[in-house]
Structure formats: structure tokens, C-alpha cells
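Trainee: Could you walk me through this model step by step? I would like to learn how to read it.

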2 protein chains.
Amino acid sequence: MTESTAGRRRGDDLEHAIFDAALAELAEVGYANVRMEAVAARAKAGKASLYKRWPDRARLIQAAARYKATEVEPTFEPSGDLRGDMVKVMRHIAAQQATPFGEAIRGWIGELRSTPEELTEELRTRIETPRIRIFAKIYEDGIARGTVKPEALHPRVVNLAPGLLTHYFLTRAESATDEVIEEMLDHILMPLIATGEDPAEPLEET
Amino acid sequence: MTESTAGRRRGDDLEHAIFDAALAELAEVGYANVRMEAVAARAKAGKASLYKRWPDRARLIQAAARYKATEVEPTFEPSGDLRGDMVKVMRHIAAQQATPFGEAIRGWIGELRSTPEELTEELRTRIETPRIRIFAKIYEDGIARGTVKPEALHPRVVNLAPGLLTHYFLTRAESATDEVIEEMLDHILMPLIATGEDPAEPLEET
DNA sequence: GCATTTAGTGAACGCATCGTTCACTATTGA
DNA sequence: TCAATAGTGAACGATGCGTTCACTAAATGC
């Protein structure tokens with residue numbers, strides 16, 4: 001548990017410093033321009049320390065994204081206010097995309113074709129699945145209250161909200177603003193999943 | 001207008017050969033692994049001829065995509081069969097994504113951050129806009145027939161169908177199958193835009 | 001505390017690819 | 001026929017990759 005400014009770091013201490021450096025580089029220069037030497041220099045580490053841990057740039061950045069992802073994804077409890085909850089979660093996702101983490105995702109997409117299958121799969125379950133789970137929770141809660149149609153739980157529908165955000169982020173250079181999120185909700189998501197029943201009277205579920 | 005196998009090509013003749021070579025490389029090795037030398041060799045051209053025309057790899061590939069795009073995007077006339085028309089156009093888009101052209105798009109996404117603004121803009125209007133226009137046409141036709149809700153013309157809704165396909169393509173390594181397209185239609189698109197007034201289809205009212 | 005083991009440093013190396021340059025050659029058309 | 005134009009192919013310096021190695025700091029064992 002030493003973390004003094006002097007001395008030589010090792011283990012997780014050093015590893016986290018490298019991740020932070022990688023994410024900072026990612027933010028500054030974008031995925032395509034992240035240089036191993038730059039990451040090493042920024043982390044005040046030797047290049048050999050990087051290659052000892054990860055075989056190449058792609059893996060390093062994926063590891064950094066993974067590290068960041070696990071500390072970001074929240075546990076979320078639906079409040080009963082359907083639209084309000086969705087705004088909240090969607091803003092959270094958009095905010096996440098506006099970080100180095102988002103930049104890592106962009107790079108991952110760009111290299112999907114030349115990336116090992118398992119890595120692709122792993123990042124999917126690491127990022128897509130947790131988001132889907134949150135929306136499933138919100139919709140289940142809404143269904144119990146009668147504010148959401150049961151069809152909302154179809155996988156393709158549950159994936160819609162995060163999918164819209166991801167698509168927006170990927171095809172622009174920036175993540176969705178609050179205004180865009182509201183448009184997605186009012187013109188796509190709510191018309192599709194909401195029953196139109198007011199949540200004022202909670203319904204009994206079985 | 002010479003196109004004999006012997007001799008040295010120039011102008012458009014050579015340029016098209018380079019585009020074809022670039023697209024072939026794209027298909028074989030994926031965006032990230034396209035090498036200028038490989039494209040030049042494949043086109044039986046000098047590397048200098050490439051750099052004389054385009055400043056770097058990104059521009060060359062974008063030019064190749066543009067070249068391909070203009071010859072692919074069709075004129076489309078709605079038949080009156082809403083779902084049938086949508087299936088048709090969506091399949092067309094999915095098929096297009098499964099070509100080198102799709103691979104070029106993936107690369108473009110990956111480098112959005114480090115690509116000049118105007119290029120991004122240009123590719124958007126070159127690819128996104130024509131697709132949106134086709135769906136707008138279909139929806140307008142449907143509205144006139146009473147099978148589509150007027151709200152379908154909201155920009156974000158019109159962009160939904162191509163957006164779903166693009167998102168699917170980008171986050172998997174492959175483009176949407178017919179089955180996936182049908183799911184998108186039946187669980188997202190049709191419920192959102194159709195009035196249910198379709199003569200052949202049974203419906204539930206709003 | 002001292003010696004040994006483990007882990008990180010920093011510089012150098014060979015390699016691949018980039019983007020440029022240049023002397024040479026084929027094609028065009030005046 | 002000859003000058004102008006456009007393409008070729010090889011070489012070049014620069015950059016970043018991924019590896020290696022001699023050296024050194026930190027942790028561990030005795």
C-alpha cells in the first residue's frame with residue numbers, strides 16, 4: 001500500500017498509473033494516435049513494462065477501458081418515474097461516451113475486423129450487457145406499474161435505448177446532448193414502449 | 001478510352017484501377033491493415049501515383065468508398081406495400097455493408113476523431129442522407145395511403161431504420177441477416193410508424 | 001540486516017510502413 | 001517528330017512497433 005511520489009512503483013500501483021496514462025492519451029489524441037512510447041512516458045514507466053503486461057496497443061487500451069468500465073457502471077433502482085429514469089440513465093451513458101472510455105470504444109469498433117473473436121465478445125458482455133440489464137430493470141418495473149408495454153422486454157427493444165446512444169456517438173464525433181436524448185425519448189422510445197397510462201395509480205403485479 | 005491490358009494507364013482509367021484495388025484490399029485485410037504499397041502493387045501502379053492523388057491512406061479509402069457509393073445507391077419507388085418496401089431497402093443496405101464499402105465505413109468511424117471535419121461531413125451527406133431520403137419517400141407514400149403515422153417523418157424517426165442497421169453492423173463483425181431485419185421491423189419500426197390501417201394486416205388500435 | 005529474488009528502467013536494435021523524392025520511361029497531342 | 005505530361009520503381013529519412021539486455025530498486029528470505 002505504498003503510494004509515495006518517490007521510489008519505483010510495481011504491481012497494481014504501476015498498472016493503474018499506466019491505465020490512467022493510456023486513458024489520458026486516448027482523450028487527447030484519439031485512439032488511432034495513441035503511441036506506446038507516449039503512454040509509457042506519461043506514466044513515467046518503461047516501455048518494456050507495458051509489453052510485459054499486454055501484447056500490443058489494442059490489448060492495452062482494451063484493458064484500460066475494462067478497468068474504467070468496472071468502476072463506472074452503477075447499480076440503479078427504478079424510481080417509478082419512467083421517463084425520468086430513462087433520462088437519467090441515458091445521460092449517464094452519454095456522459096460516459098464523452099470520456100476516454102468512449103474513445104476506446106470507437107477504436108475497438110474500428111478494429112473489430114482484425115481483433116480476436118473472444119476480445120470482441122468480452123467487451124460486448126462488459127459494456128452492452130450491463131446497459132441492457134439496467135433498461136430491462138426499468139421496463140420490468142414499468143410493466144408492473146402498467147406504464148410500460150410487455151413487448152418492451154424483447155431483446156431488440158431493450159437494446160434500443162443504449163443502441164441509439166451508441167450509434168449517435170459513433171457517427172458523430174460527440175456524444176448525445178440532453179436535447180438529443182429528449183428527442184430520442186419523445187419520438188422513439190416512449191411512443192414505442194409506454195402504455196400511456198399515468199403512473200399516478202400504481203398497479204398490483206402478480 | 002483505351003483500356004487494353006498492355007501499356008501504361010493514366011487518368012480515370014488508372015484511378016478506377018486504384019479504387020478497385022483499394023476496395024479489394026479492404027475486403028481482404030480490413031481497414032486497419034490496408035497498406036499503401038499493397039494497394040499500389042495490386043493496381044500495378046507506382047506508390048507515387050497514389051500520393052499524387054490523395055494525401056494519405058484515409059483519403060484514398062474515403063475516395064474509394066465515395067466512388068463505390070455513387071454507383072450503388074439506387075433510385076427507389078415505393079410500391080405501396082409498406083413492410084415489403086422496407087424489407088427490400090433494408091436488405092439492400094445490409095448487403096452494402098457486407099462489402100468493402102462497409103469496411104470503409106468502419107474505418108472511417110474509427111478515425112472520426114482524427115479526421116478533418118469537412119470529410120466527416122461529406123461522407124455523412126454522401127451515405128446517411130440518401131438513405132434517409134429513401135425512407136422519407138416510403139413514409140410519405142405510406143402517410144398518403146393512411147398506413148403510416150405522420151410523426152414518422154420526424155428526422156430522428158426517419159433515421160431510425162438505417163441507424164439500426166448501421167449500429168448492428170458496427171458493433172458486430174457482420175451485417176444484419178434477413179432474420180434480424182424482420183425483428184427490427186416487427187418489434188421496433190412497424191409498431192412505431194404504422195397506423196395499423198394496412199389493408200392486409202390485422203391490427204390493434206392506439 | 002544482509003543476500004537473493006523479483007520487477008521495473010532505459011537505451012538500443014531490427015523491422016515495417018509511411019510519405020517523399022528523383023531519374024527514367026511511356027503516352028499524348030501539337 | 002518532339003515537347004509536355006503522367007506514371008514507374010527504387011531509394012530515402014522518419015516514425016513507431018515490439019524485443020532485448022544490462023542495470024537498478026524493491027520485496028522477500030534467512
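Mentor: Gladly, and we begin with a term: a crossing of two helices is left-handed if the near helix is turned anticlockwise from the far one by less than a right angle, and right-handed if clockwise. Helices (H or I, at least four residues) and strands (E, at least two) are DSSP runs, numbered from the N terminus. This is a predicted model, where local features need pLDDT of at least 70, side-chain atom pairs count only at pLDDT 80 or more, and totals for chains, interfaces and linings use all residues. Residues are numbered from 1 along each chain as its sequence is written, while chains are lettered from A and ligands numbered from 1 in the order in which they are written.

Trainee: Which hand does the crossing of helix 6 of chain A and helix 6 of chain B have?

Mentor: Helix 6 spans residues 100-110, and the two axes are 8 Å apart at an angle of about 155°. (Axes are lines fitted to C-alpha atoms, for helices over the stretch in contact, and angles run from 0 to 180 degrees between N-to-C directions.) Angles under 35 degrees count as roughly parallel, over 145 as roughly antiparallel, 65 to 115 as roughly perpendicular and the rest as oblique, and helix 6 of chain A and helix 6 of chain B are therefore roughly antiparallel. As for the hand, their crossing is left-handed.

Trainee: Which residues of helix 6 of chain B meet helix 6 of chain A?

Mentor: Here a contact means that the C-beta atoms of two residues, placed from the backbone, lie within 7 Å. Helix 6 of chain A brings Arg106(A), Gly107(A), Ile109(A) and Gly110(A), and they meet Arg106(B), Gly107(B), Ile109(B) and Gly110(B).

Trainee: How many residues of chain A are in contact with chain B?

Mentor: On chain B, helix 6, helix 8 (155-158), helix 9 (160-171) and helix 10 (178-193) each supply at least two residues of the side that touches chain A. That side holds twelve nonpolar, twelve polar and seven charged residues, where Ala, Val, Leu, Ile, Met, Phe, Trp, Tyr, Cys and Pro count as nonpolar, Asp, Glu, Lys and Arg as charged, and the others, Gly among them, as polar. Chain B has 31 residues in this contact, and their partners in chain A number 31.

Trainee: Which helix gives the largest share of the surface near DNA strand C?

Mentor: A residue is near a strand if its C-beta atom, placed from the backbone, lies within 6 Å of it. DNA strand C is surrounded by 22 residues, including Ala45(A) and Gly7(B) among the closest. By class they are six nonpolar, five polar and eleven charged. With four residues, the largest share comes from helix 3 of chain A.

Trainee: And which helix gives the largest share near DNA strand D?

Mentor: Around DNA strand D there are 23 residues, and Gly7(A) and Ala45(B) are among the nearest. Their classes are six nonpolar, five polar and twelve charged. The largest share, four residues, belongs to helix 3 of chain B.
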